[in-house]
Amino acid sequence: MKYIVNPIKILVLATLMFSVSACEDFEEMNTDPNQPPVVPTTSLLTSAQKQLMDHIWDEWHNGRFGMLYAQYWAANEYTDESRYQLRQGVNNNYWLYYYAGRDAALAGDPNGGGIRDLQEIIRLNQERPTDFSAYGGTENQIAVAKIMKAWMFQIITDIWGDVPYEEALQGADQVSPAYTPQEEIYTDLLAELTEANSMINVSEPGFVTGDLIYDGDMEKWKKFANSLKMRVAIRMADVAPDMASAAIEEAVQAGVFSSNDDNALLRYMTSVPNNNPLNEDRKTRADFAASEPLIDYLKENNDPRIDYYAAPNASGEYVGLTYGLSQAQAGAIPNSAVSQPSEEVLSAEAPGVYMDYAEVLFTMAEAAARGFIGGDAATYYNQAITASMEYWAAQGGDVLDAATIENYYSNQAPYDPANWKQSIGEQKWLALYMQGIQGWTEWRRLDFTGVLEPPAAGALVGDGIPLRVTYPVDEQNLNRESYQEAIDRQGPDLLGTRLWWDVN
């Protein structure tokens, strides 16, 4: 397994070491034992943003999990994951990485990394605002950390279901946290994002440095908070429609993404350790090809995004790899015979996506179809396709002409008001390419049919495409009482157990 070292933490540690060696006597005289030195909140933010995106986007929890479960990619080696047999070591690790961070988890430190870095930003600004005001407006720092926490916690609960939430992030003070029901987590995520939006003061500075997403632009963070609130709310639409409707209306009024310029992205760089983790993986491995479900859908609809999603095979044709082959079946197919992921998604500088404008517009289309907001669902749907196509063309350095885009949503993929879940589901899934966990989640929620397929060689675990991931074995062994309470409430710890918001 490959990992990316955090350059910011290395820089901070190196600076601290130099300072100690050069100024030891001075430090001894001027250190307050009741206020020990801590890492700047700017470094904590950088660490959290990069670590969490690296894990969401890498070859393990994206390539071997999200991208396979959403069937954007098919495995051409080590195919067990495409047949739903996850490696339990990976399942254990990523649970820990999201909560505590990779470096802290590997070091056995329960108090640093991952979401915990975000919680530390909040704690430091609440308890010692004067000490950390040099890094940005106190309320703005807290708001940014809350938004990032909400983004990550929604992903965690959408993977596993009920998870530690209210009692999480307490380190050694709570080593056996109870699992919070997903319904309560979702309700609190809306409250946290509402509070974050209200805390943001655009006339005050954001993080003065270290913000890899918006470089301290609090107008952008405000839009991200409200857009993410829409993502949370629309997931609840079938089980808590009144709450979902009110939250989406509030978010739209408060201001959401209005163009691709607002997209929340981590812009990777050309060199290790700051290049895209899938780029680093591809330097030595080629375990994934574009899937047959994806390529067939793109070809059948004459979708111009095919050029940016995948590469032609050696014969110059787009050919998807059959999804869910056995190890022997996949090994018999040369990589040159099928389409590989494109340069646009495997390049060193290919961005990681926290959330984008196209998703916001698809959510507005669905909200309009449900009667949650005003406006025309078809118009939002067409705008969403346009935003997606323009974004992907830009990744390839191109511009698609308006006539090509209009022809697509008017003729190839027209909106069907009588079957809006199918229309929106297919196109939202397509637009979420590379956001594997999100694409899989939208399939679970909207239940669109005729696109995703059962594994060709049959599932190794479960009876069909998973509806969740089973809890890590370490949780079953080390937090047994909380684990048992969760499954007694939620249902059996199986891939086919539906989450709270998945009612169809």
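Throughout these legends, buried means under 20% relative accessible area, exposed means over 50%, and partly exposed is anything in between (1.4 Å probe, protein chains only). Accessible areas come from the Shrake-Rupley method with a 1.4 Å probe, and for residues only the protein chains shown count as cover. What's shown is a predicted model, where local features need pLDDT of at least 70 and side-chain atom pairs count only at pLDDT 80 or more, while totals for chains, interfaces and linings use all residues. Residues are numbered from 1 along each chain as its sequence is written, and side-chain values use heavy atoms, with hydrogens and water left out.

**Close-up A. E127 and R123 pair up within helix α7.** Their side chains meet in a salt bridge (2.7 Å, N to O), a term that here asks for a side-chain nitrogen of Lys or Arg within 4 Å of a carboxyl oxygen of Asp or Glu. The two sit four residues apart in α7 (residues 114–127), so about one helical turn separates them. Helices (H or I, at least four residues) and strands (E, at least two) are DSSP runs, numbered from the N terminus. E127 is exposed at 52% relative accessibility, whereas R123 is partly exposed at 31%.

**Close-up B. D238 forms a salt bridge with K421.** Their closest N and O atoms are 3.3 Å apart. D238 is partly exposed, with a relative accessible area of 27%.

**Close-up C. E366 and R445 meet in a salt bridge.** The N to O distance is 2.7 Å. E366 comes from helix α18 (residues 357–370) and R445 from helix α22 (residues 436–446), so the pair ties together parts that are 79 residues apart in sequence. Both ends count as buried: E366 has 0% relative accessibility, and R445 has 2%.

**Close-up D. Salt bridges join up into a network.** Its members are D158, R235, D238, E366, R370, K421, K428, E442 and R445. Across the structure there are 26 salt bridges.

**Close-up E. E166, E183, E184 and D188 gather in a patch of negative charge on the surface.** Patch residues have over 30% relative accessible area and no salt bridge, with like charges joined within 9 Å. E166 lies in the loop between β2 (163–164) and β3 (179–180), and is exposed at 56% relative accessible area.

Notes
Patches are made of residues with over 30% relative accessible area and no salt bridge: like charges are joined within 9 Å, nonpolar side chains (Val, Leu, Ile, Met, Phe, Trp, Tyr) within 5 Å. Lys and Arg count as positive and Asp and Glu as negative; His and the chain ends are not counted. The place of a charge is taken as NZ of Lys, CZ of Arg, CG of Asp or CD of Glu.
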